Amino acid sequence: MLSAVNDASYTTITKLAGVLENAQQRGWIRNDVTAKSMAMFIRSIFIGRFLVDMDRKRYDGDGWNRLAIRSITGFLRPG
């Protein structure tokens, strides 16, 4: 089971990295970080939001949103 989860995760990361590599080649996003690293970072943001949504009473979703948006926009800004 763990192998199947890892394979699915790797497939998702690889596909997103392909999109990000295309954007890097066009100069739309920073190129000082590998596309695969960016894809893993973005995926971790999605997983973090899932955890917030599972327990909204104990987590500050609005604060999390502000931080996630700042992180992603700063991370993807051409560098």
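## Close-up views of a predicted model

**View 1. The largest nonpolar core.** The largest nonpolar core has ten residues, namely Ile13, Ala17, Leu20, Ala23, Ile29, Ala35, Met38, Ala39, Ile42 and Phe75. Helix 1 and helix 2 each supply at least two residues of this core. A nonpolar core is a set of buried Ala, Val, Leu, Ile, Met, Phe, Trp, Tyr and Cys residues joined through side-chain atoms within 4.5 Å. Buried means under 20% relative accessible area, exposed over 50%, and partly exposed in between (1.4 Å probe, protein chains only). The model is predicted: local features need pLDDT of at least 70, side-chain atom pairs count only at pLDDT 80 or more, and totals for chains, interfaces and linings use all residues. Residues are numbered from 1 along each chain as its sequence is written, and side-chain values use heavy atoms, with hydrogens and water left out.

View 2. Helices (H or I, at least four residues) and strands (E, at least two) are DSSP runs, numbered from the N terminus. Helix 1 covers residues 2-25, and its 24 residues should span 34 Å at 1.5 Å a residue; the end C-alpha atoms are 34 Å apart, which agrees. The expected span is 1.5 Å times one less than the number of residues. Within helix 1, Ile13, Ala17, Leu20, Ala23 and Gln24 are buried, and the buried residues of this helix pack against helix 2. Contact means heavy atoms within 4.5 Å. Alanine 39 touches Ile13, Leu16, Ala17 and Leu20, not counting residues up to four places away in sequence.

**View 3. Glutamine 24 and the end of helix 1.** Glutamine 24 is found in helix 1 and counts as buried at 16% relative accessibility. Not counting residues up to four places away in sequence, glutamine 24 touches Ile29, Arg30, Asn31, Val33, Thr34, Ala35 and Met38. Just after helix 1, glycine 27 takes a positive phi of about 80°. Arginine 30 is buried, with a relative accessible area of 18%.

**View 4. Salt bridges.** Side chains of opposite charge can pair when their charged atoms come close. A salt bridge is a side-chain nitrogen of Lys or Arg within 4 Å of a carboxyl oxygen of Asp or Glu; by this rule the count comes to four. Arginine 30 pairs with aspartate 32, the closest N and O atoms being 2.7 Å apart. Arginine 49 forms a salt bridge with aspartate 53, with the closest N and O atoms 2.8 Å apart. Both of these residues, arginine 49 and aspartate 53, lie in helix 2, four residues apart, about one turn of the helix. Aspartate 53 is partly exposed, with a relative accessible area of 33%. A network of salt bridges links Arg49, Asp53 and Arg56. Arginine 58 and aspartate 55 meet through their side chains in a salt bridge (2.6 Å, N to O), and arginine 58 counts as exposed at 70% relative accessibility.

View 5. Ile47, Phe50, Leu51 and Met54 make a nonpolar surface patch of about 430 Å². Patches are made of residues with over 30% relative accessible area and no salt bridge: like charges are joined within 9 Å, nonpolar side chains (Val, Leu, Ile, Met, Phe, Trp, Tyr) within 5 Å. Accessible areas come from the Shrake-Rupley method with a 1.4 Å probe; for residues, only the protein chains shown count as cover. Phenylalanine 50 lies in helix 2 (residues 35-54) and is exposed, with a relative accessible area of 51%. Phenylalanine 46 is also in helix 2, and counts as exposed at 53% relative accessibility.
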